[in-house]
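Please read the points below alongside the model. They are written for someone who has not looked at it before.

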Amino acid sequence: MKKLLNSVDGDRLNDYTEKAFERYKYFIGYPIAQDFDYSELYPLLKLPLNNVGDPFIESTYDLNSRSIELEVLQFFAALFKAPENNWWGYITNGGSEGNLYGLYVARELYPNGIVYYSEAMHYSVQKNIQLLNLRSIIIRTDETGEIDYNDLRQMVQMHREQPVIILANIGTTMTEAKDDITKIKAIFRELAIRNHYIHCDAALAGTYSALLDLKPGFDFTYGADSIAISGHKFIGSPIPCGLVLVRKNYKERIGKVIPYIGTMDTTITGSRNGHSPLFMWYAVKKLGVEGLKKRALDCLETADYTIRHLEALGVNAWRNPSAITVSFPEPSSALRQKWQIATENGYSHIICMPGISHQLIDAFIEDLKEELFLVETL
């Protein structure tokens, strides 16, 4: 007989559930898709799916979704134009793990390399660099959040005897700025830098930028050596997840056979979530390339809608080219808390993710309008 929670714990769970669904109604400041429905997969939540080890090598732990994971990897390898027969990857716990893996590979290739990354890089990067004990230099950005190429050139030139490891933004946290890999490669040629590695943090913008062929390009044909994305952002997932792809000839310096699991240990974690690949696979198969493109175009249209309505209020709103992130001067702390809006250096943003409707934007605009009216009358 199935045992249920006692009344006290049951009430606690009900209260939490009610609060979670209420807060879900006011969620426009972070890059999380909100329109997914994986109810068809719910029966699989009863199983302890574990993709331990290398996704390309079978394991004695056979209760896994490895075959599903490989299909997801193949889809994104094609999307990011990975070199045929020379790519490898796995589904991660999120973009931060993907960035850690890219840096890990780079360190194994160039133990004395220096990591260059912009001041707009995701907060996890500094932590990853410390974990790997890498040398690093922070590069300035311009007013949009894109890396300052002149500053990068000067810093690389000062240390040109050391291998260069670039951590490029393909959509910064606050303004969705994109670093230009073509310009970075031009700096390498100008300074005759032969030993270099480029990792692209494409957590937010990578998938839809590739789908719509947005510029600047960043895939493997542009010179990326590894790319990390998040699955719970544009694709959507109830569990944080992501994916990392790397040139296979670089990755092969890492990993060893583990008899206990009967496979290679080539990932950051040992056990890996076997349900996340199912969510990503389901979304890709259900939507297809054309459905994903429409999803991206809908987000861009919502960003246009948001800009127009903020400007109509006299708010100085802006966004980077082909970005779904709309920046504007920070509103009150009460409004930021209600709508869960991220803020930095006096600016807030709305990220027009899948599931962010015009009606939701309208509701926020009404709150902001009321706040601005109260300020004017004081």
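1. Aromatic pairs. In this predicted model, the count of aromatic pairs comes to 18. One of them joins Phe56 and Trp87 in an edge-to-face arrangement, with 5.7 Å from centre to centre and 75° between the planes. The two residues are 31 apart and belong to distant parts of the chain: Phe56 is in the loop between helix H1 (7-24) and H2, while Trp87 is in strand S1 (residues 87-92).

2. Exposure of that pair. Are Phe56 and Trp87 buried, or partly exposed? Phe56 has a relative accessibility of 38%, so it counts as partly exposed. Trp87 has 17%, which is under the 20% cut-off, and it therefore counts as buried.

3. A charge over a ring. Another ring to look at is that of Phe234, which has the charged end of Arg295 sitting over it. The distance from this charged end to the ring centre is 5.6 Å.

4. Helices H2 and H10. Helix H2 covers residues 66-79 and helix H10 covers residues 276-312; their axes come within 9 Å and cross at roughly 35°. The crossing of H2 past H10 is left-handed. On the H2 side, the contact is made by Ile68, Glu69, Glu71, Val72, Phe75 and Phe76. H10 contributes Pro277, Leu278, Met280, Trp281, Val284, Lys285, Val289 and Leu292. Sorted by class, the contact between H2 and H10 holds eleven nonpolar residues, three charged ones and no polar ones.

5. Asp151 in helix H5. Asp151 is part of helix H5, which spans residues 149-158. Its relative accessibility is 5%, so Asp151 counts as buried. Setting aside residues up to four places away in sequence, Asp151 touches Ile139 and Arg140.

6. Met155 in helix H5. Met155 also lies in helix H5. Why does Met155 count as buried? Its relative accessibility is 18%, and buried means under 20%. Apart from neighbours within four places in sequence, Met155 is in contact with Tyr116, Ile137 and Ile139. Tyr116 is 39 residues from Met155 along the chain, and their C-alpha atoms are separated by 8.6 Å.

Definitions and conventions. Residues are numbered from 1 along each chain as its sequence is written. This is a predicted model: local features need pLDDT of at least 70, side-chain atom pairs count only at pLDDT 80 or more; totals for chains, interfaces and linings use all residues. Side-chain values use heavy atoms; hydrogens and water are left out. Helices (H or I, at least four residues) and strands (E, at least two) are DSSP runs, numbered from the N terminus. Buried means under 20% relative accessible area, exposed over 50%, partly exposed in between (1.4 Å probe, protein chains only). Contact means heavy atoms within 4.5 Å. Axes are lines fitted to C-alpha atoms, for helices over the stretch in contact, and angles run from 0 to 180 degrees between N-to-C directions. A crossing is left-handed if the near helix is turned anticlockwise from the far one by less than a right angle, and right-handed if clockwise. Ala, Val, Leu, Ile, Met, Phe, Trp, Tyr, Cys and Pro count as nonpolar, Asp, Glu, Lys and Arg as charged, and the others, Gly among them, as polar. Rings of Phe, Tyr and Trp (its six-membered ring) pair if their centres lie within 6.5 Å; planes under 30 degrees apart count as stacked, over 60 as edge-to-face and the rest as tilted. A charge sits over a ring if NZ of Lys or CZ of Arg is within 6 Å of the ring centre and within 35 degrees of the ring normal.
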